[in-house]
Amino acid sequence: MASLQGAGGNQAAALQALLGPLLSQAFSGQSSPTLRTILAGKPSTIVSPRTTLQETGMMMAEARKAALVVESGRLVGIFGFKDMMSRAISKELPLDLTPVSTVMTPNPEAVSPDTTVIEALQIMHDNKFLTLPVCESNGSVIGIVDVMDCVYASGGAEGWRSIFSSAMECDDMTDTASVNSHITGSVYPRSVKSSKSRKKEGTPVSKLRPKAPMVSATNDSVLAVTQMLASKRGDAAIITDESGGLAGIITDTDVTRRVVAKQLPASSTRVSDVMTANPSCVSMSDPATEAMVTMVENRFRHLPVTDDSGAIVGVLDIAKCLNDAISKLEKSQEKGSSAAEDAVKQMASLQGAGGNQAAALQALLGPLLSQAFGGQSSPTLRTILAGKPSTIVSPRTTLQETGMMMAEARKAALVVESGRLVGIFGFKDMMSRAIAKELPLDLTPVSTVMTPNPEAVSPDTTVMEALQIMHDNKFLTLPVCESNGSVIGIVDVMDCVYASGGAEGWRSIFSSAMECDDMTDTASVNSHLTGSVYPRSVKTTKSRKKEGTPVSKLRPKAPMVSASNDSVLAVTQMLASKRGDAAIITDNSGGLAGIITDTDVTRRVVAKQLTASSTRVTDVMTANPSCVSMSDSATDALVTMVENRFRHLPVTDDSGAIVGVLDIA
């Protein structure tokens, strides 16, 4: 999955090599059209912060697009179909009285209309987006594109058939790119019978590793279904009849189009009245390529999967299929061989909440957890949170006060009002939404830049379940609340790592994965909990014995580089524009001088009340950080990161030049 990752040259080149011929054919020799081209003439779903959810939903339903929230000509928020389902319908908010500003995602990043389709695909995958706002450099809003716009701009269904077919020949699809989004097409698909009549040849659907289905009954209310999906962070429910057979499917988009836009009450509307009845489905033994082409062709986001007896066993997600297909092509180009089955099982182990994934994770971590916790295979979050302080602030707390609390606890802030969780604010938010935008920290309340109404998990969630949720949603922090809404605290990925064996326990996981010699680059997760300890020198790190699988197999991310004489403001603005969370700082000769992370910005700038515009990055960076070379042992590098709680580790080539950054996530 490195092909869509970030803004690295290698990734863009790989994707260009894969899609170049399709793009050239579709656009008369132009290798990649711009978003300006594919947006031309398309209406935008633009609303104001004061627009009600009812009005917003009706616009979204008509355009089948997420809403862009604009004030004074500037983009201030985004509100998607999954937001409508999870933040509004499932919480029974009064749609005709609730302004969209209270539940939107504030200050979303936007891309230029001159961004190419390839660059848009990279950004979408890297950030787990399936929609991208598009704005001119002066801030004026152009529109919004989704992944299907980009698919159709790069060859459409028949063009992608060759991508899928080639990927299937690799016979090594992974399950690591499941992407939640809000663009499901709501057309009524073909019947089960028509899908089942396909000739069964080639690589089967089972190789696509469908996600476990989230199931509701036909007599359930829309409210009950949306609450179930919100609690499981899903976006589509399979609806079964009284005999347990497939009756229909309902998606987050359907909820907006068929419930909100028609002003139906969710609590009294039966899901059977608004679902897609008798949807197409495929069996595990049907051809995978045909299934994926059918989804692209008909703009289906989800496709139910049955076993050969007709029982529902999974759901295909087109976003996962698209990303996995590109992944396998890139890897086959590099290696010329398929990966071992063991590698697939291990590297897919953190995916979603499906039975196969949970079983894989249990097989990997079960012994470690059992050893660490006296026979209990997986402790709960209540156990690992016991006695730990929470960084709880009110919506009116200033960013300055919030930052000082975060710096002391080294945790994201939970925004609580009347005993209920109303928002979350992390280190990356502080860097990108506050410092980079030069907001006055002592005057700005955290409510204006927090992420509102975050999902929370129960304290009785196990460490294993928490790891699954974090990976599936690309979170590295999880708020923890009781069933009555009272806030318990917050956990991050390192809490879970240490609750499942620590550095030595994870050594066996890393070693086993390295032996498979088939690491993918799909688990890079942006977060806000980088440890800010001062690491060991380059020299001590470089003295490791070079044996086993090298660091190069981990596919380090391209470094984001700043100079030692840059200001903190300039560095944070660079990182915000590139959606990064760590910058490599170079000296006058271009050598490694230091590293600075989003956490460092809060702890060493905000908490100490330094001025970002006049503080040099050299004064607050971690100087002379540890680094590894591309030829060093990958397992040792990973264990060192866990052991020292390093989130990032610079990577050099054998001459000492910085060529990448490892991310422990």
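A crossing of two helices is left-handed if the near helix is turned anticlockwise from the far one by less than a right angle. The legends below apply to a predicted model.

**View 1. Helices α17 and α23 cross with left-handed geometry.** Two packed helices are described by the angle between their axes and the distance between the axes. Here the axes of α17 (residues 427–435) and α23 (residues 598–606) come within 7 Å. They cross at roughly 70°, which makes α17 roughly perpendicular to α23. From α17, the contact draws on Phe427, Lys428, Met430, Met431 and Ile435. From α23, Asp598, Thr599, Val601, Thr602 and Val606 take part. By class, the contact residues are 6 nonpolar, 2 polar and 2 charged.

**View 2. Helix α16 (residues 399–409) and its buried residues.** Buried here are Leu399, Gln400, Thr402, Gly403, Met406 and Ala407. These residues lie on the same side of α16 because they cover an arc of only 160° around the axis. An α-helix has 3.6 residues a turn, so residues three or four places apart point the same way. The packing partners of the buried α16 residues are strands β14 (392–393), β15 (413–417) and β16 (420–425), together with helices α17 and α23. Just after α16, arginine 410 has a positive phi of about 55°.

**View 3. Helix α11 (residues 288–298) is largely enclosed by the rest of the structure.** Of its 11 residues, 8 are buried. They are Ala288, Thr289, Ala291, Met292, Val293, Thr294, Met295 and Val296.

View 4. Most residues other than glycine have a negative phi. Asparagine 278 sits in the loop between β10 (276–277) and β11 (282–283). With a relative accessible area of 49%, asparagine 278 is partly exposed. Serine 418 counts as exposed, because its relative accessibility is 72% and the cut-off for exposed is over 50%.

**View 5. The whole chain, for context.** The chain holds 24 helices and 26 strands. Of its 665 residues, 61% count as buried. Among contacts between residues at least 6 apart in sequence, 71% join residues at least 24 apart.

How values were computed. Residues are numbered from 1 along each chain as its sequence is written. This is a predicted model: local features need pLDDT of at least 70, side-chain atom pairs count only at pLDDT 80 or more; totals for chains, interfaces and linings use all residues. Side-chain values use heavy atoms; hydrogens and water are left out. Axes are lines fitted to C-alpha atoms, for helices over the stretch in contact, and angles run from 0 to 180 degrees between N-to-C directions. Helices (H or I, at least four residues) and strands (E, at least two) are DSSP runs, numbered from the N terminus. Angles under 35 degrees count as roughly parallel, over 145 as roughly antiparallel, 65 to 115 as roughly perpendicular and the rest as oblique. Contact means heavy atoms within 4.5 Å. Ala, Val, Leu, Ile, Met, Phe, Trp, Tyr, Cys and Pro count as nonpolar, Asp, Glu, Lys and Arg as charged, and the others, Gly among them, as polar. Buried means under 20% relative accessible area, exposed over 50%, partly exposed in between (1.4 Å probe, protein chains only). The arc is that of the directions from the helix axis to the C-beta atoms.
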